Amino acid sequence: MTTFFHFSDFHILPKKGMTREEGDPCQKIEKLIETAEETGISPSFSIITGDISQNGSQEGYDIAKDYIKKIEQLGGPVLPVIGNVDKRETFRKNLLKESHNEKLTPCYYTKTVEDIQVIVLDSQNLKKVTGQLQEPQIHWLEEQLLNKEPTIIALHHPPFTLQLPDGLSYPLFKVKDELRFYKTIKESNTVAILCGHLHQSLITQRNKVSIIVGPAALSESLINSKVSKTYNASGFTIHTLKENALTSRPVIYSEERKLIKTTPITQ
Ligand SMILES: [Fe+2]
């Protein structure tokens with residue numbers, strides 16, 4: 001049995017104490033780490049599914065490194081995933097400790113912890129806010145899956161079109177890449193796909209594989225076809241994997257369910 005933590009969407013600003021309309025990202029992350037500590041759980045590893053430093057600033061990653069150290073002190077390594085507001089050059093240098101700073105090369109890697117293969121993908125699309133997965137990354141993924149080990153795949157963008165309660169839908173990923181992704185993982189032993197980006201705890205399924213979108217540290221969003229409402233809430237997820245059964249417990253914190261803003265959707 002393996003228990004691990006899933007954080008997402010930190011959106012750290014260049015200075016501690018700096019605020020945006022959703023509040024102070026650092027204060028929210030610190031509160032989440034405290035909440036994680038209060039659980040008394042020592043995770044085998046933790047994943048942060050992207051949007052770590054707002055605009056990929058070096059200062060934001062300096063702060064992120066401190067938080068990553070604190071999360072590591074709870075137990076196990078921390079596996080960062082790149083999001084759409086991160087920047088490949090600074091993300092790679094600071095969080096993956098790789099020396100080259102090629103901004104076009106995606107940041108993907110794998111790590112095995114307690115016989116679970118965790119595959120971290122880079123779904124960043126420099127031209128659009130929707131996700132993508134292209135060659136050679138998808139070919140690399142294919143090779144990693146050949147060993148049939150129990151696998152967790154983590155990427156920032158949810159690889160699906162979001163079905164809205166009012167019947168409309170909201171594309172989150174390049175459709176061609178999404179289809180290729182599911183074809184690639186079809187015969188593998190993928191237990192779950194973990195994502196971020198939506199700022200909402202959400203679960204769906206594709207081809208019997210669970211896709212779990214973790215709540216964000218920064219805020220919570222509720223989207224319908226006309227508006228997106230942003231709330232002052234913050235959360236993370238505790239996942240427990242036993243054999244091939246994953247149990248996911250979102251822990252969402254909000255002193256008051258305060259509506260911050262309502263944004264019209266334009267499609
Ligand atoms: Fe995002």
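Let's start with a hairpin. Strand S14, residues 234-242, and strand S15, residues 245-253, run antiparallel and are joined by nine bridges. Take one of those pairs: His-239 has Ser-248 in S15 as its bridge partner. Now the turn. Two residues sit between the strands of this hairpin, and Glu-243 takes a positive phi near 45°. Keep in mind that this is a predicted model.

Next, the open sheet. What is the order of its six strands? The order is S4-S5-S6-S9-S11-S10, and the pairing is mixed. Which strands stand at the edges? Those are S4, residues 109-113, and S10, residues 202-206. Each has a single partner strand, so one side of each is left without a neighbour in the sheet. From one strand to the next, the twist averages 20°.

Strand S5, residues 116-120, pairs with strand S6, residues 151-154, in the parallel sense, over four bridges. Val-120 stands opposite Ala-154 in S6.

Hold on to those two residues, and turn to the core. The largest nonpolar core has 54 residues. Which of them touch the most other members? They are Phe-10, Ala-64, Val-120, Leu-121, Ala-154 and Leu-194. Helix H2, residues 58-74, supplies the largest share of this core, with six residues. Back to Ala-154. Leaving out residues up to four places away in sequence, Ala-154 touches Ile-47, Thr-49, Leu-79, Val-81, Val-118, Val-120 and Leu-194.

On to the helices. How do H1 and H2 pack? Helix H1, residues 25-38, meets H2 at an angle of about 5°, and their axes are 10 Å apart. That angle makes H1 roughly parallel to H2. The contact divides into eight nonpolar residues, no polar ones and two charged. On the H1 side we find Cys-26, Ile-29, Ile-33, Ala-36 and Glu-37. Facing them in H2 are Ile-63, Tyr-67, Lys-70, Ile-71 and Leu-74.

Last stop, a loop. Pro-165 lies between strand S7, residues 161-163, and strand S8, residues 169-171. Is Pro-165 buried or exposed? Count the neighbours. Pro-165 has 9 C-beta neighbours inside 10 Å. A residue with 12 or fewer is exposed, so Pro-165 counts as exposed. One distance to finish. Pro-165 and Gly-196 are 31 residues apart along the chain, and their C-alpha atoms are separated by 20 Å.

Terms used: Residues are numbered from 1 along each chain as its sequence is written. This is a predicted model: local features need pLDDT of at least 70, side-chain atom pairs count only at pLDDT 80 or more; totals for chains, interfaces and linings use all residues. A nonpolar core is a set of buried Ala, Val, Leu, Ile, Met, Phe, Trp, Tyr and Cys residues joined through C-beta atoms within 7 Å. A residue is buried if 20 or more other C-beta atoms lie within 10 Å of its own, exposed if 12 or fewer, and partly exposed in between; C-beta atoms are placed from the backbone. Two residues are in contact if their C-beta atoms, placed from the backbone, lie within 7 Å. Axes are lines fitted to C-alpha atoms, for helices over the stretch in contact, and angles run from 0 to 180 degrees between N-to-C directions. Angles under 35 degrees count as roughly parallel, over 145 as roughly antiparallel, 65 to 115 as roughly perpendicular and the rest as oblique. Ala, Val, Leu, Ile, Met, Phe, Trp, Tyr, Cys and Pro count as nonpolar, Asp, Glu, Lys and Arg as charged, and the others, Gly among them, as polar. Two strands pair if DSSP finds at least two bridges between them.
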